[in-house]
Amino acid sequence: MAINWFKYSSPASFYVLAGKMIPLFSIAATILFAVGLYIGFFVAPTDFQQGEAYRIIFIHVPAAWMSMFLYVMMAVWAGIGLAFNTRLSSMMATAIAPTGAMFTFLALWTGAIWGKPMWGTWWVWDARLTSELILLFLYIGFMSLQAAIDDPRRADKAGAVIALVGVVNIPIIYFSVKWWNTLHQGATVSVTSSPKMAATMLTGMLIMSIACWMYAIAVILIRTQTIILERERHTSWVSELKGVSS
Amino acid sequence: MSLWVIQRDLLLAMRRRSDVLTTLFFFIIVVSLFPLGVGPEMNMLRTMAPGVVWVAALLASMLSLGRMFSSDYLDGTLEQMLISPQSLSMLVLGKAMAHWLVTGVPLVLMSPVLGIQYDLSTDALLILTASLLLGTPVLSLIGAIGAALTLGLRGGGVLVSLLVLPLYIPVLIFGAGAVEASTAGLGAGAHLSLLGAFLLASLVLSPWATAVSLRISME
Amino acid sequence: MIWASWSDFFDMGGYGFYVWGSYIVSIICIVGEVILVLKRKRTLLKHLSLIQESTKEEKANETTS
């Protein structure tokens with residue numbers, strides 16, 4: 001069965017498609033969040049090393065995963081938009097950035113709060129925390145660059161360049177921060193200190209990750225719709241849209 | 001072709017010598033402010049020195065990024081460069097090298113003197129200068145991308161810092177790390193060769209990315 | 001059920017402040033983002049429909065006069 005994917009690369013038909021998909025992803029996210037949190041708080045047993053504090057993991061690890069994954073997705077979409085001049089993929093990249101930045105912030109916040117009872121300080125210059133902080137800077141740079149440019153096409157392309165440069169740099173930054181960290185304090189502080197993770201914990205974490213993923217897709221789709229409306233406000237299909245035409 | 005651009009930019013810089021001196025004095029002042037802030041204790045200063053000099057070098061080279069393309073943009077030379085048959089990447093490489101010669105080289109030459117303020121040993125001074133010599137061209141090359149992207153934007157100066165400073169981090173880590181490693185007796189070879197690798201990689205990739213960015217900004 | 005009582009649940013074995021501190025902020029962020037995104041879309045749609053109506057009225061006026 002051949003689906004004409006190119007049909008959905010036009011903003012007008014994507015708007016409609018997104019409208020159909022948003023409820024599905026929202027419902028999936030809600031259910032999965034509920035299940036994940038239930039497992040995290042009522043099923044998963046107490047960790048013998050960290051006590052109840054480890055329960056932060058159910059939001060911390062998914063947020064950290066999403067922050068990195070979304071940056072790569074943002075760079076991929078922005079790169080496709082730059083290479084093939086497809087407007088929709090650039091809009092997707094722009095829509096991903098705020099959600100990615102939010103997850104980065106959450107990963108930092110929960111990481112710091114987890115660090116206080118475990119390591120005794122809110123912040124350690126651990127390789128992961130430091131790279132996460134730099135990732136937040138990269139997101140902020142991308143968003144402020146796009147915000148500063150009035151012409152949307154230039155904003156798309158300039159954002160794509162900085163996102164791609166960032167994605168090339170992320171492994172270098174991570175590697176250098178890690179090296180710097182071991183040079184300075186040794187590998188005394190490591191997040192992965194508990195290799196044996198109970199199966200229920202792992203299940204809870206995975207469900208929470210998928211929930212975050214579904215949530216991110218739903219929010220990004222809504223934001224893409226908004227961007228499409230903003231950019232195409234003068235076209236005829238927008239004026240014929242349900243909710244616009246009365 | 002790059003040589004011609006370098007020559008031209010150097011000539012222009014010589015005509016406006018105060019700009020060059022401003023960057024250099026900024027560097028000197030920032031480095032000299034740190035002891036006043038943290039106290040004159042020599043042991044602490046000695047451990048801080050490489051980091052302080054490197055951070056000041058990052059800021060100084062970033063400050064002058066705005067000038068890399070803006071004057072050519074305003075007088076229309078940049079437009080001529082874009083439509084000229086010469087490869088834009090080579091022109092950009094020339095401009096980045098000129099930026100380095102004008103801002104980076106004075107910093108490199110000044111750094112041993114500033115290192116003495118911090119009571120660094122001769123070996124450490126040598127390594128500091130070598131690391132700056134390898135690292136500052138990388139700063140100019142990466143900075144060129146940021147300068148090209150923010151060309152003609154309002155608030156471009158602050159924006160450039162947001163875009164470029166996170167990308168400078170690996171250079172900072174290995175630049176300052178080289179001096180620390182040598183004072184710790186580990187040898188600075190690994191750090192310096194990594195800085196060299198960064199230099200080579202940015203020599204290849206950055207002019208190309210900058211050329212793409214310039215075309216985007218000039219559309 | 002692994003908790004003896006609700007107060008046990010909120011106490012989190014002494015780590016209540018940390019666990020709830022991270023979850024409450026996460027919920028605020030997520031709910032806040034949803035509200036902001038929906039609000040932005042809604043105001044935009046309203047704005048667009050207002051423009052649409054006013055242009056319609058203009059056209060109607062043009063034909064009648």
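The questions and answers below concern a predicted model and take up its chains, its surface patches and some backbone angles.

User: How many helices and strands does chain B have, and what is its radius of gyration?
Analyst: The secondary structure of chain B consists of nine helices and zero strands, so that the elements read α-α-α-α-α-α-α-α-α from the N terminus on. For 219 residues the globule rule gives 17 Å, and because the value for chain B is close to that, the chain is as compact as a globular protein of that length. The counts asked for are nine helices and zero strands, and the radius of gyration is 18 Å.

User: What radius of gyration does chain C have, and what would a compact globule of 65 residues have?
Analyst: Chain C holds two helices and zero strands, and its C-alpha atoms fill a box of roughly 80 × 20 × 15 Å along the principal axes. A compact globule of 65 residues would have a radius of gyration near 11 Å, whereas that of chain C is 25 Å.

User: What share of the residues counts as buried in chain B, and what share in chain C?
Analyst: A residue counts as buried when its relative accessible area is under 20%. Chain B, whose C-alpha trace spans about 55 × 35 × 30 Å along its principal axes, has 219 residues, and the buried share among them is 56%. For chain C, with its 65 residues, the buried share is 34%.

User: How much of the accessible surface of chain C belongs to carbon and sulfur atoms, and how far apart are the centres of its positive and negative side chains?
Analyst: The accessible surface of chain C amounts to about 4,500 Å², and the part of it that belongs to carbon and sulfur atoms is 65%. Chain C carries 7 positive and 7 negative side chains, and the distance between the centres of these two sets is 7 Å.

User: Which helix gives the most to the nonpolar patch?
Analyst: The nonpolar patch on the surface is formed by V168(A), L200(B), L203(B), V204(B) and L205(B), which together have about 460 Å² of accessible area. Among them, L203(B) is partly exposed, with a relative accessible area of 31%, and it is placed in helix α9 of chain B. With four residues, the helix that gives the most to the patch is α9 (residues 189-218) of chain B.

User: Where is N85(A) found, and what is its phi?
Analyst: Most residues other than glycine have a negative phi. N85(A), in the loop between α2 (57-84) and α3 (87-119) of chain A, is partly exposed with a relative accessible area of 47%. Although N85(A) is not a glycine, its phi is positive, at about 60°.

User: What value does phi of D119(B) have, and in which loop is D119(B) found?
Analyst: D119(B) is a residue other than glycine, and its phi is positive, near 60°. Its relative accessible area is 34%, so D119(B) counts as partly exposed. The loop in which D119(B) is found is the one between α6 (88-117) and α7 (122-149) of chain B.

Definitions and conventions. Residues are numbered from 1 along each chain as its sequence is written. Chains are lettered from A and ligands numbered from 1 in the order in which they are written. This is a predicted model: local features need pLDDT of at least 70, side-chain atom pairs count only at pLDDT 80 or more; totals for chains, interfaces and linings use all residues. Side-chain values use heavy atoms; hydrogens and water are left out. Buried means under 20% relative accessible area, exposed over 50%, partly exposed in between (1.4 Å probe, protein chains only). The radius of gyration is taken over C-alpha atoms; the globule rule is 2.2 Å times the number of residues to the power 0.38. Accessible areas come from the Shrake-Rupley method with a 1.4 Å probe; for residues, only the protein chains shown count as cover. Lys and Arg count as positive and Asp and Glu as negative; His and the chain ends are not counted. The place of a charge is taken as NZ of Lys, CZ of Arg, CG of Asp or CD of Glu. Patches are made of residues with over 30% relative accessible area and no salt bridge: like charges are joined within 9 Å, nonpolar side chains (Val, Leu, Ile, Met, Phe, Trp, Tyr) within 5 Å. A salt bridge is a side-chain nitrogen of Lys or Arg within 4 Å of a carboxyl oxygen of Asp or Glu.
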